[in-house]
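Subject: Structure handover

Hi there,

Here is the structure I promised to pass on. Have a look at it first, and my notes on what turned up follow below.

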Amino acid sequence: MKLSLLSCRAGLLAAVALVLSAHAQADEVSVAVAANFTAPMQKIAAAFEKDTGHKMVASFGSTGKFYAQIKNGAPFELLLAADDETPAKLVKEGAGVAGSQATYAIGKLVLWSPKPGVVDGAGEVLKKGAFEHLALANPKLAPYGAAAMEAMKALGVYAALEPKVVMAENITQAYQFASSGNAQLGFVALSQVLKDDKIDGSVWLVPQNLYQPIRQDAVVLMPGKAKPAAEALLKYLKGDAARAVIKSYGYSF
C-alpha cells in the first residue's frame, strides 16, 4: 500500500515537473503576416498556442510594407509573406535566415462583388466595364495587387479600366472598399470571401494562367534566429492541423 502511494506521488511529481518544464521553455514569437492570410492565421494562432505553449504576436499588413519595416530594423522574428520573392530577397540581403524559407500556401486571386449578379463566372464584366470603381491592392506593395494587374493586362483591359481603379494599401483594404460599396467590385484573395465553403455575392475565380502563381513563403528573420517559438511556428505551419485550416480557406500547397 505504501509502495503504491509512493509510486502515485512520484508519478504526480513527474507530471508536475513536466508541465513546469514545458512552461519554462515557452517562448513568444513576433510575426509579420500578409494581410490575405489574416483569418486562417488567427485560427492557427489559437491552436498553435494551445498545442505548443508558445505565444504568437501577429501584425497583419502588406508584404511590401513589412519588407520596408524589416529593413528599417522592425524586430519581427518571422515573416509570412504573400510571395516568395520578398523572403528570398531578405535572405540574400542578410535579414533572413538562410535555409529557413518555406512555402506555407499558394494563394488564389478572385474578382468579387458582395452583390449577386455583378460579377459573372467568366470575368466578362471587366470587358464590359459597366461599373464605376474597381478596388485593387497597390501592386508595388501587395503581390495580389500585382497579380490583378498582370491578369488585366493579359486580358487586354487594363488601359480601359485604369481610370476606374481605386488603389488600396493592401488586400484587406481592397476587400473593405468592395464590401462597403465604395467600389462595385474588387480583386481580392479567395481566402477573404470563402466562408464555410460558400461565397456571398458574386465571384470570378481568375484563371491561374493569367498571373504568376502566388506562392506564399515564410522565412525566419535574424531576430528570430535560434528562437524556439519561431522554429516551432514554422514547423507547425507544415503540420496537418495548420494545413487543414489553410486548405479550408481555399489555398493550395
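Let me start with the second largest cavity, which has a volume of about 40 Å³. A cavity here is a set of points, on a 1 Å grid over the protein atoms alone, where a 1.4 Å probe fits but cannot get out, and lining residues have an atom within 4 Å of a point. Grid points are joined across faces, edges and corners, and the volume is the space filled by probe spheres set on the points.

Before going on, a word on the source: this is a predicted model, in which local features need pLDDT of at least 70 and side-chain atom pairs count only at pLDDT 80 or more, while totals for chains, interfaces and linings use all residues. Residues are numbered from 1 along each chain as its sequence is written, and side-chain values use heavy atoms, with hydrogens and water left out.

Back to the cavities. (Helices, H or I with at least four residues, and strands, E with at least two, are DSSP runs numbered from the N terminus.) By class, the lining has five nonpolar, one polar and two charged residues. For these classes, Ala, Val, Leu, Ile, Met, Phe, Trp, Tyr, Cys and Pro count as nonpolar, Asp, Glu, Lys and Arg as charged, and the others, Gly among them, as polar.

Over the whole structure, the search finds two cavities of 30 Å³ or more.

Now for the charged pairs. The structure holds five salt bridges (a side-chain nitrogen of Lys or Arg within 4 Å of a carboxyl oxygen of Asp or Glu). One of them pairs D27 with K227, with 3.6 Å between the closest N and O atoms. D27 sits in the loop between helix 1 (2-24) and strand 1 (28-34), and K227 in the loop between strand 12 (214-220) and helix 10 (228-237), so this pair ties together parts that are 200 residues apart in sequence. D27 is buried, at 17% relative accessible area; buried means under 20%, exposed over 50% and partly exposed in between (1.4 Å probe, protein chains only).

K227 also meets E77 in a salt bridge, at 2.9 Å from N to O. That pair links parts of the chain 150 residues apart, with E77 in the loop between helix 3 and strand 3 (78-80). Shared partners join D27, E77 and K227 into one network. E77 is buried too, with a relative accessible area of 11%. Leaving out residues up to four places away in sequence, the contacts of E77 (heavy atoms within 4.5 Å) include E28, V29, S30, V220, L221 and K227.

Another salt bridge joins E93 and K71, 3.2 Å from N to O. E93 lies in the loop between helix 4 (85-92) and strand 4 (102-107) and K71 in helix 3 (residues 63-71), so the two tie together parts 22 residues apart in sequence. Both ends are partly exposed: E93 at 35% and K71 at 42% relative accessible area.

Terms used:
1 Å grid on protein atoms, 1.4 Å probe; cavity = no way out; pocket = protein on both sides within 12 Å on 5 of 7 lines; lining within 4 Å.
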